[in-house]
Amino acid sequence: MRARAPEIAFPCPRCGAEAVAGLDGAGRCGSCSALAALDVAPAVRQDLVVERCPACGSRQLYVQRDFNQKVGIAIVAVGAGLAPFTPFYSSLFAAALIDAALYAVLPEITVCYRCHAHFRGFARNPQHAAFDLHTAEQYDVKAPPQA
């Protein structure tokens, strides 16, 4: 049983802010209120398994836990900051336990390498692995500086 209805968070074509769409593909930007339509395949609607990104068409997707990385860093930073004041640096162990508990409880999401769209509430596609830095670097190419 899924905790939340499937949703796709993708970059707004007009302003680049986060827009959200459901299984019907109809989306709206939270920033500029622009409407966007995604091409969600009927198989995705039925099976809830993402094969390709409906926002950009890429088949390069990865899986990660649905957790804000800034919060994770804050947990570790607080544990490290309190370490000198706790016996045997126990705050670091507490931070590690909190991190492990969150990892065990939080659901997985699928993310697009190209446009960074997030797919929440979908079943995991066995073809999608964890984040791969080499694959990500292929999409994060910067233009050379102009002389």
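In this predicted model, the charged end of Arg65 sits over the ring of Tyr103, 4.5 Å from its centre; a charge sits over a ring if NZ of Lys or CZ of Arg is within 6 Å of the ring centre and within 35 degrees of the ring normal. Local features need pLDDT of at least 70 and side-chain atom pairs count only at pLDDT 80 or more, while totals for chains, interfaces and linings use all residues. Residues are numbered from 1 along each chain as its sequence is written, and side-chain values use heavy atoms, leaving out hydrogens and water.

Attention now turns to the aromatic rings. Rings of Phe, Tyr and Trp (its six-membered ring) pair if their centres lie within 6.5 Å, with planes under 30 degrees apart counted as stacked, over 60 as edge-to-face and the rest as tilted. By this rule there are five aromatic pairs. In one of them, the ring centres of Tyr62 and Phe131 are 5.1 Å apart and the planes meet at 75°, so the pair is edge-to-face. Tyr62 belongs to strand S5 (residues 61-65), whereas Phe131 lies 69 residues away in the loop between strand S7 (118-120) and helix H4 (133-139). Helices (H or I, at least four residues) and strands (E, at least two) are DSSP runs, numbered from the N terminus.

Tyr62 is buried at 8% relative accessibility, and Phe131 is partly exposed at 44%; buried means under 20% relative accessible area, exposed over 50%, and partly exposed in between (1.4 Å probe, protein chains only). Phe131 also forms a tilted pair with Tyr113, 5.9 Å centre to centre with 35° between the planes. Tyr113 is buried, with a relative accessible area of 6%. Tyr62, Tyr113, Phe131 and Tyr139 form one aromatic cluster.
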